[in-house]
Amino acid sequence: MSNKRERQDAIRLIVVSKQVGSQEELRRLLKQRGWDVTQSTLSRDLRELRLARIPTATGVRYALTDGDDGGQRMMLDNLLPQLFNGVDGVGELLVLHTLRGGAQTIAEAIDEEDWPDVVGTIAGDDTILLICRSAAARERLARRIKTLAGEGGGG
């Protein structure tokens, strides 16, 4: 376990000190520090560390998505305004559009919110399909997401 902890500490140090935009770049930087990891191990570490690719003014980079005291709601509150591109839906289906690379992070945060109106999520690179319990649930969820994204409660 200490190996894993040390490796994850090294990952944390790298992403806070450098702009790292891809897993391959991060693998290369880890290898320079003596950690030769597989892509699947690195993916698992990124998930456990709650690191996500976030668009910035200088390009996409990995960043910590929440702190020890923030919780998932704080993560959504911080990320949705940055990554949200729009929402649309029909019947029980809601489609949430994000900036490129933002869908996985947002979908995971929504899943962990455990909202009763959401049956499940499917995420691509910049699109999330949310399956809702009813058309009314879809409308409530669309309003909630727009509010969290800073776009008001219309719609």
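# Notebook: a walk through the predicted chain

I began at glutamate 92, which lies in the loop between β3 (84-90) and β4. This is a predicted model, so I kept in mind that local features need pLDDT of at least 70, side-chain atom pairs count only at pLDDT 80 or more, and totals for chains, interfaces and linings use all residues. Residues are numbered from 1 along each chain as its sequence is written, and side-chain values use heavy atoms, with hydrogens and water left out.

**Entry 1: glutamate 92**

My terms here: buried is under 20% relative accessible area, exposed is over 50%, and partly exposed is in between (1.4 Å probe, protein chains only). Next I listed what glutamate 92 touches, not counting residues up to four places away in sequence: Leu130, Ile131, Cys132, Arg133, Ser134 and Ala135. A contact means heavy atoms within 4.5 Å. I also checked aspartate 117, which is 25 residues from glutamate 92 in sequence and 9.8 Å away in space, C-alpha to C-alpha.

**Entry 2: the whole chain**

I stepped back and counted six helices and six strands in the protein chain. Helices (H or I, at least four residues) and strands (E, at least two) are DSSP runs, numbered from the N terminus. Read from the N terminus on, the order is α-α-α-β-β-α-β-β-α-β-β-α. Of the 155 residues, 40% count as buried. I then looked at contacts between residues at least 6 apart in sequence, and 50% of these join residues at least 24 apart. The chain exposes about 8,400 Å², with carbon and sulfur atoms supplying 47% of that; accessible areas come from the Shrake-Rupley method with a 1.4 Å probe, and for residues only the protein chains shown count as cover.

**Entry 3: helix α2**

Which residues of α2 (residues 23-32) are buried? I found Leu26, Leu29 and Leu30. They cover an arc of only 100° around the axis, which puts them on the same side of α2. The arc is that of the directions from the helix axis to the C-beta atoms. I noted the general rule beside it: an α-helix has 3.6 residues a turn, so residues three or four places apart point the same way. On the face of α2 turned away from the buried side I found the exposed residues Lys31 and Gln32. Just after α2, glycine 34 takes a positive phi of about 95°.

**Entry 4: helix α3 and aspartate 45**

In α3 I listed the buried residues as Thr41, Leu42, Ser43, Asp45, Leu46 and Leu49. I picked out aspartate 45, which lies in this helix (residues 39-49). Aspartate 45 counts as buried because its relative accessible area is 1%. What does its side chain meet in a polar contact? I found the side chain of arginine 7, at 2.5 Å. A polar contact is a pair of N or O atoms within 3.5 Å; within protein, one must be able to donate a hydrogen and the other to accept it, and residues adjacent in sequence count only if both atoms are side-chain atoms. Leaving aside neighbours within four places in sequence, aspartate 45 is in contact with Lys4, Arg7, Gln8 and Ile11.

**Entry 5: two positive phi values**

I moved on to arginine 50, in the loop between α3 and β1 (51-56). Arginine 50 has a positive phi of about 60° although it is not a glycine. Most residues other than glycine have a negative phi. Is arginine 50 buried or exposed? I found it buried, at a relative accessible area of 15%.

Aspartate 114 also went on my list, with a positive phi of about 60° although it is not a glycine. Aspartate 114 lies in the loop between α5 and β5 (118-123) and, at 65% relative accessibility, counts as exposed.

**Entry 6: around tryptophan 115**

I found glutamate 113 in helix α5, buried with a relative accessible area of 18%. A polar contact of 3.3 Å joins its side chain to that of tryptophan 115. Over the ring of tryptophan 115 sits the charged end of arginine 144, 4.6 Å from the ring centre. For this I required NZ of Lys or CZ of Arg within 6 Å of the ring centre and within 35 degrees of the ring normal.

**Entry 7: glycine 102**

My last stop was glycine 102, in the loop between β4 (93-98) and α5 (103-113). At 0% relative accessibility, glycine 102 counts as buried. Beyond its neighbours within four places in sequence, glycine 102 is in contact with Leu83 and Asp125.
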